[in-house]
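Reader: I am new to this structure and would like to learn how its features are read. Could you take me through them step by step?

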Amino acid sequence: IEADGIHIDHASMPRAVAELLREALAIQDHGSRAESNAFIERYSTWDDRHERIATGLRAAERYRTLHPRFAILDAPSRPAGV
């Protein structure tokens with residue numbers, strides 16, 4: 001997180017994802033319950049850093065929810081055979 005916003009290093013993303021996947025698959029293949037629990041704890045912890053990111057994302061939102069409308073679904077029903 002920088003003063004002017006969140007920055008993602010896209011060049012390092014493939015390596016980071018590959019490492020995370022490699023670790024997850026290794027735990028699935030031969031890991032113990034303790035290793036699995038440690039992996040989940042390590043990557044699912046919400047701390048102040050995550051809260052700052054979430055606060056910034058919420059502040060940048062233009063719309064909180066999106067309600068798409070589809071003309072075909074909003075059209076009045078017609079009796080069968082018409």
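Reader: How many helices and how many strands are there in the protein?

Author: Helices (H or I, at least four residues) and strands (E, at least two) are DSSP runs, numbered from the N terminus. Here there are four helices and zero strands, giving the pattern α-α-α-α along the sequence. This is a predicted model, in which local features need pLDDT of at least 70 and side-chain atom pairs count only at pLDDT 80 or more, while totals for chains, interfaces and linings use all residues. Residues are numbered from 1 along each chain as its sequence is written, and side-chain values use heavy atoms, with hydrogens and water left out.

Reader: How do helix 1 and helix 2 pack?

Author: Two packed helices are described by the angle between their axes and the distance between the axes. Axes are lines fitted to C-alpha atoms, for helices over the stretch in contact, and angles run from 0 to 180 degrees between N-to-C directions. Helix 1 and helix 2 (residues 33-44) pack at about 155°, with their axes 10 Å apart, and they are therefore roughly antiparallel (angles over 145 degrees count as such).

Reader: Is I6 buried, exposed or partly exposed?

Author: Buried means under 20% relative accessible area, exposed over 50%, and partly exposed in between (1.4 Å probe, protein chains only). I6, found in the segment before helix 1 (13-30), has a relative accessible area of 39% and is therefore partly exposed. Of the 82 residues of the protein, 4% count as buried.

Notes:
Angles under 35 degrees count as roughly parallel, over 145 as roughly antiparallel, 65 to 115 as roughly perpendicular and the rest as oblique.
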